[in-house]
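Me: I would like to learn how to read salt bridges in a structure, step by step. Could we go through some cases together?

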Amino acid sequence: MNDYNYIGKEIPRVDGPAKATGQAVYTVDVKLPEMLYGKILRSPHPHARLLKVDTSAAEQLPGVEAVITGEDLQEVRYAFVDTPRYPADEQPLATEKVRYIGDEVAAVAAESEAIAEKALSLIKVEYEILPAVFDPEKAMQEGAPVIHGEQSASTSFWEDWGVAQQKKTVQEDPSINNLSGHTFVSFGDVEQAFQEADYSREDRFELKPTAHCQMEPHAAVASYNPLEDKLHVWLSTQGIFLKRLFLSKTLGLPASKIRVHHSFVGGAFGGKIDLFPYEFCAAYLSIKTRRPVKIELDREEVFMTTRQRHPIIVKIKTGVKKDGTILAQDIRVIADNGGYRGSGPVVIFLCHGFSFPVYNVPNYRYEGFSIYTNNGIRGPQRGHGAPQIRFAIDSHLDLIARDLDLDLLTIMHKNVRQEGDVLPNGDRLDSCGLTECLMGAAGAIDWQKKREQSHLQANGNRYRRGVGISLCSMFSGAMYYPFASAAVVKMHDDGSATLFTGAQDIGQGSYTTMSQVLAEELGIGIEDICVVAGDTELCPIDLGSFLSCTALVTGNAVKKAAADAKRQMLESAADLLGLADPAGLKTQNKMIYLEDDPQKSVSFAQAIQASVLKRDGNPIIGRGSFKGYPRTERYPSLAKAKGLFTGAYGFAAQAAEVEVDTLTGLVRLVKAVTFHDCGFPLNKTVVEGQIHGCVSMGAGQALSEEVHLEKGQLFNPSFLHYQLPIALDTPESAEGLVATIEPSGPFGAKEVGEGCVAGILGAIANAVHDAIGVRIYSLPITPEKVLRALKKI
Amino acid sequence: MRLLEFDYFEPRNLEDAVTKVREFDGNYQIIAGGTDLLTALKQRLSAPAGLVSLDHISSLKDIWEEDDVITIGAMCTLEDVLSSSLIAEKLPALNQAAWDVGSPLLRPLATIGGNICLNTRCRFYNQSSFWRSSRDTCYKAGGNICHVTNKRDSCVATFSADIPPVLIAHGARVRLAGPKGVRTLPLEQFYTADGRFPHVIMAGSGEILQEIEVPLPAPQVSCVYHKFRMRESIDFPVLGVAVMLKLGEKKSGKYCEDACLVITGAEPAPVEAVQAREELLHRRLEPGLLARVAEIAASEIHPIKTSLISPRYKREIAKIIVTDALKKAGGIEE
Amino acid sequence: MEKTIRLTVNGEEKTLKIGVQQTLLEVLREDLGLTGTKKGCNQGECGACTVLLDGKPVSSCLLLAVKADGKTVLTIEGLAQAGELHPMQQAFNEKGAIQCGFCSPGMILVAKSLLERNPNPSTQEIKEAIAGNICRCTGYLQIIEAIRSFVS
Ligand SMILES: Cc1cc2nc3c(=O)[nH]c(=O)nc-3n(C[C@H](O)[C@H](O)[C@H](O)COP(=O)(O)OP(=O)(O)OC[C@H]3O[C@@H](n4cnc5c(N)ncnc54)[C@H](O)[C@@H]3O)c2cc1C
Ligand code: SF4
Ligand code: FES
Ligand code: FES
């Protein structure tokens, strides 16, 4: 079954040469004739009423072409979540209030960046400072400053697309202040099960906000052409169709009047999905000035205003039998989503979504709250909830294992889900390699021996080692706009092909893996394929490169499109060879031959020419599509977590060995192990690269990365002070790819590249405990926290 | 952020440079490598009318030894320092400190003079103008409040350059060229301990740092620089310590004839741990002594929260790096 | 204030009129259209803007263009010759060292200059050489592998 020609092979990236030579054009590189430069005026206050914005002096400045404020855009609302329950709460430019430091107040377009900057300094804004709140638990209390109060009318994008119509906005618990989202799920009888448990314990974990740190800063170029009445945009984005929807709704333009052009994306990690005010403003300013407008954010703006990972508080209680069998679990999650809702209701839903596929917990209660504060807005980031919840659950299980004097591995093995399990919401695990991953990772880190060694370490040793392990899960696509991905394969008359896909290669290698799928299915070489991607005008719809849907959803669409093209070629070939039907025909190397009599063959070129000449001029165009989740037509309910979530879960077990310097508190990740069930690796180099990236990001977030906020002000908006890993931090690494062959995936593939950021956190936290004998309940595990835990400072 | 416009001068000799500086009457900045200055200008920490570049004063780019003094021109880049065999051989701790500065992409540009003249740093100060507009202008930036101490008219921003501790430990002097001629100062006297104007040039002397003179260390001298930072590149020191030991040999073992300990990253100027030195003098190097000396050294610094690192943690780190550096300088195995 | 400088860029000698406040990065990207040199932070903290200045890797965002007067600059565009990838570009592509590609121009130039100085670097020396270049995508492993493939 594995005798593929392209699938599973280490094919070099098809976009590699362009990137290696500097030819690849990213949004920041786009420069158009007559282009203006835009800049945004932001609020320096975390919470204030806007009294007056006076732009007259700025407008007078020579070289300034346009200045806009919230006044110009009163009605425009949008949001990552925009449903009847959760109406859109963001505006491109503030009207009544500003709600965090960095909130957009005005925008200018000018002949140069320098003039634009000068113009900003000439805009006078009067604020009335309001009391602000920065701690979600305080924001929930009665009497806390109310950040959103009145909700204005929603645009409810999603209603057109299968979300149940609902009349009223629900705020279920009026006693909770600043609530932006609520998820409640329960099954079994939790109280009863806790009664029956031999042992139970409760813990509280906390995670700080972290930043994506895509190396390419956010940027947008918009060019409105009045002759066509058309808006052309270049965006650094991971989902062109979602962006087009946002722009079309907010600008009031039909989809056909907006074209998102392809540009390379210098990293995304979930931080380039939302519509951002700078994108809207670039578009609006271009329409207004009838000239191209470019807005490029400074690194500081990227840190402050383009979303962070949600800081989360997790309270978790688990009841177990003596042997470690989990009977009941009660989880409560509070997410601080900052001044606007962002993806708050989604992350609290996903914390459940990434909690329950891993262990079989018969009695379970989960409640999540997302809360407004006057911090920066939070949105999706690689794993979106998974790192937070997996860290909490597996740290907690490690503590239980220690209390009961059991091996954590034993508890994990006892409770992990198996292939064939049906989750409480109805999702089926048609492939699930958790057990194999767990065994693989434990073996690769040398679990038994290392755990014994860590117990034997002399107390006086300065450097102490320990090992830890954790598990994670991730969706492979889900139901959200545009709900499906499609692909078109256009055959050329020499037998080569062009693939049209809406999916954007954000670095994850999709142009390469999709080329492999096409090459394998069709029987042509990688060099025979040209990929046209990331352009809303040329390409069919695509879910976008997030929620890990590319491999499974787009991959299936490409495979089906290739199969469709092949079917047409085989029909034509059958005619040429005088066969009644194409049943016995095979393809390879751009040739079609009869399997039983390989001498009987025609080339792709011949089949295509024949098709044009003899089959109604058909030049052979294959098409394929695949739904975000074939078994449903609806979004899952974020509030009740009802409905189907995803067609396939990717899983991983991750183990870490750390060395703690007990004098300085520095923790060094010595070795990281990931055993990943990604169904089937379409390209080993690509999959390993994704794992390495996840491990590095996860290790950073476990040990050093933190967005430092004081009173809503971000103290480290730079790579100098936001401590993301550098080359010298690279650990030894081992990976194992567990092939479970997902039946619904193209060639058995499913999620890769997202989930593995999650398990490494718990693995490191557990390893640190193993090394120093003390638990650290909050991430990142900084040297200061280590020394405090050791009672040295 | 782009740079605002300014005039740019490239004098060919020191006299012209000094004259140019005087013409500007304070509204200028000297640019050496520019690796620190450009970040500050982009953050609008100052908006000088002119920059005076020292690039074309070739006399500032040499390293030579004469009469038991090693002289290093202020415009030598850290790469120059690293590739000098004279320094590698005679002043290995300086080589180490140069290696520890910033990242490999800065060292070919960054100069030793710029490092010595580096401005102090603070988490409320080294931020963009937008960032700073959320608060009242702090004292160092020209206002009258310090966000760290809440005092009106003092600044405790932290001196964080890596190279000066080693030079001070070696007893280096700096040669300054100014309107009143040339003078030399012991490097420790170059610093003012005022976070706002950390050295005599920033305090307005109108001078230019010309070169650094390091007395050739005696053969029994061993000097090390030990830098502690979270990531082993890019980052400024959380703390750094230079330890110079002059060792004597007695029957009972090695003992300390002379010593100097200088710490960076703790206060507005490099701190000489004088009590720690006292404790070391004439004593035999044994673990108990080293621990005591480290405790004393740690108690001699007064860190304050000007970075994201807590003062308590810095104190603890001081003990550890001082101990480690003493062991290394004293040749004591773990 | 404007100034005329002479710069040898990718083997071609150029006489350029520039603003003295322009960084070399701005001159390369905006005046010369050499957008292969990237801007990740503009503050000397990421290495995306690395070019080789007289053979040495430097952050071009912290270098005033006037200071490069009379010097030789190699950018990523000058590496591939006659349509052939430079062996280091080839190795980066084959080993999976390129993902989003934004750090790649800087990384590749640093790697090239490392091997010119030190044809046989240890893994630690490789890590030290690229320690000023941040990559968020790859976790550095495949980058290190690509450079190591030149070490005998
Ligand atoms: C990301 C990053 C990381 C860094 N990490 C470190 C670090 O780890 N350790 C460290 O020590 N530094 C670090 N630095 C700061 C800086 O790069 C170095 O200190 C460097 O040595 C400064 O030298 P320069 O020639 O670039 O100075 P410039 O930027 O040219 O000048 C610095 C200051 O000194 C003045 N000056 C320079 N030369 C003279 C002179 N001859 N006479 C009078 N005044 C003069 C200038 O006017 C200016 O105020 C870092 C900088 C960055 C951007
Ligand atoms: S210590 Fe005080 S005065 Fe000095 S820079 Fe910091 S906030 Fe400003
Ligand atoms: S852009 Fe120059 S170092 Fe980041
Ligand atoms: S490949 Fe994306 S930052 Fe390195």
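Me: With which residue does A:Asp15 form a salt bridge, and how far apart are the closest N and O atoms?

Reply: A salt bridge is a side-chain nitrogen of Lys or Arg within 4 Å of a carboxyl oxygen of Asp or Glu. Here A:Asp15 pairs with A:Lys19, and their closest N and O atoms are 3.0 Å apart. This is a predicted model, in which local features need pLDDT of at least 70 and side-chain atom pairs count only at pLDDT 80 or more, while totals for chains, interfaces and linings use all residues. Residues are numbered from 1 along each chain as its sequence is written, chains are lettered from A and ligands numbered from 1 in the order in which they are written, and side-chain values use heavy atoms, with hydrogens and water left out.

Me: Is A:Lys19 buried or exposed?

Reply: Buried means under 20% relative accessible area, exposed over 50%, and partly exposed in between (1.4 Å probe, protein chains only). A:Lys19 has 1% relative accessibility and so counts as buried, and A:Asp15, at 4%, is buried too.

Me: Which strands hold B:Arg175 and B:Glu211?

Reply: Strands (E, at least two residues) are DSSP runs, numbered from the N terminus. The side chains of B:Arg175 and B:Glu211 meet in a salt bridge at 3.3 Å, N to O. B:Arg175 lies in strand β6 and B:Glu211 in strand β8 of chain B, so the pair ties together parts that are 36 residues apart in sequence. B:Arg175 is partly exposed at 25%, whereas B:Glu211 is buried at 9%.

Me: How many salt bridges does the structure hold over all chains?

Reply: Over all chains there are 77.

How values were computed:
Helices (H or I, at least four residues) and strands (E, at least two) are DSSP runs, numbered from the N terminus.
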